[in-house]
Amino acid sequence: METTFSKDRNAPKNYIAFFDLDQTIANSISGKALARGAFRKGLLTHWDLVNAIILSLVFRLKLKDPLKIIDDMIGWVKGIPEESMSELCTEVFHEVLLPSVYKEAIAEIEFHKANNAKTVILSSSLTTVCQEMARHLNIDDIICSELEVKNGYLTGRPLGHLCFGKEKAIRLKSYCEKNNISPSDTWFYGDSISDFPALDVVGNPVCVNPDKKLKKTAQKRGWKILSWKA
């Protein structure tokens, strides 16, 4: 998914600054917040919520292939009307994600925009969540994950590949090519070792509150490490 929000999208930019969303722009995990919100609204069963929490724990402890875990985690949306999911995403954004946006993230985005950079959310989060964040922070574009819909209902499967891990790097490079900008001239802000593929292809990798594996990698490679407080 790629969507353009900027009013001057045809104006040439000096470079691109990509930002992960969960725990990078905001000190929250959108998937977990959506699962809890769906449970409150009766869109998610008690067992599905427990399963989502278990999968989240397994993901955090790196006990299983992260991509497989994420594929499993979105299974709970099966059968939910697309409109209901969109409304839930908007609600969760305003109630959970927006209040947890790092002030430092806002400052970084404004810094890059002041230097005539195109700002882009590059995240595994869902379309509506990324759209709301982009509009609120005046971010130019989004590259994110989409869910498959049939006859107005979610199937529980992604539409194409989820924007996670190596897929982030693939989409980043493709976006740079479309905009005639070299990845070596771009920035990417990420927080997890799963962001490594994307961080590794840009000229200016920035690690925000990195997990242990990413922090160790960043220190070895001399990458910039930032500590942001909620």
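In this predicted model, helix α5 is followed by N116, a residue whose phi is positive and lies near 60°. The helix itself comprises residues 103-114, twelve in number, and spans 17 Å from its first C-alpha to its last, which is close to the 16 Å expected at 1.5 Å a residue.

Four residues of α5, namely A105, E108, I109 and H112, are buried, each having under 20% relative accessible area. Because these residues cover an arc of only 95° around the axis, they are placed on the same side of α5. The elements that cover the buried residues of α5 include the strands β2 (15-19), β3 (117-126) and β7 (187-190), together with helix α6. On the face of α5 turned away from this buried side, the exposed residues K103, E110 and A114 are found.

Helix α6, which contributes to the cover over α5, also takes part in the lining of the second largest pocket. This pocket has a volume of about 270 Å³, and of the 14 residues that line the second largest pocket, those closest to its centre are E82, T127, T128, L147 and V149. Two or more lining residues are given by each of the elements α4 (82-97), α6 (127-137) and β5 (147-150), with α4 giving the most, at four residues. In composition, the lining of the second largest pocket divides into seven nonpolar, five polar and two charged residues.

Methods: Residues are numbered from 1 along each chain as its sequence is written. This is a predicted model: local features need pLDDT of at least 70, side-chain atom pairs count only at pLDDT 80 or more; totals for chains, interfaces and linings use all residues. Side-chain values use heavy atoms; hydrogens and water are left out. On a 1 Å grid over the protein atoms alone, a cavity is a set of points where a 1.4 Å probe fits but cannot get out, and a pocket is an open set with protein on both sides within 12 Å along at least five of seven lines; lining residues have an atom within 4 Å of a point. Grid points are joined across faces, edges and corners, and a volume is the space filled by probe spheres set on the points. Ala, Val, Leu, Ile, Met, Phe, Trp, Tyr, Cys and Pro count as nonpolar, Asp, Glu, Lys and Arg as charged, and the others, Gly among them, as polar. The expected span of a helix is 1.5 Å times one less than its number of residues. Buried means under 20% relative accessible area, exposed over 50%, partly exposed in between (1.4 Å probe, protein chains only). The arc is that of the directions from the helix axis to the C-beta atoms. Contact means heavy atoms within 4.5 Å.
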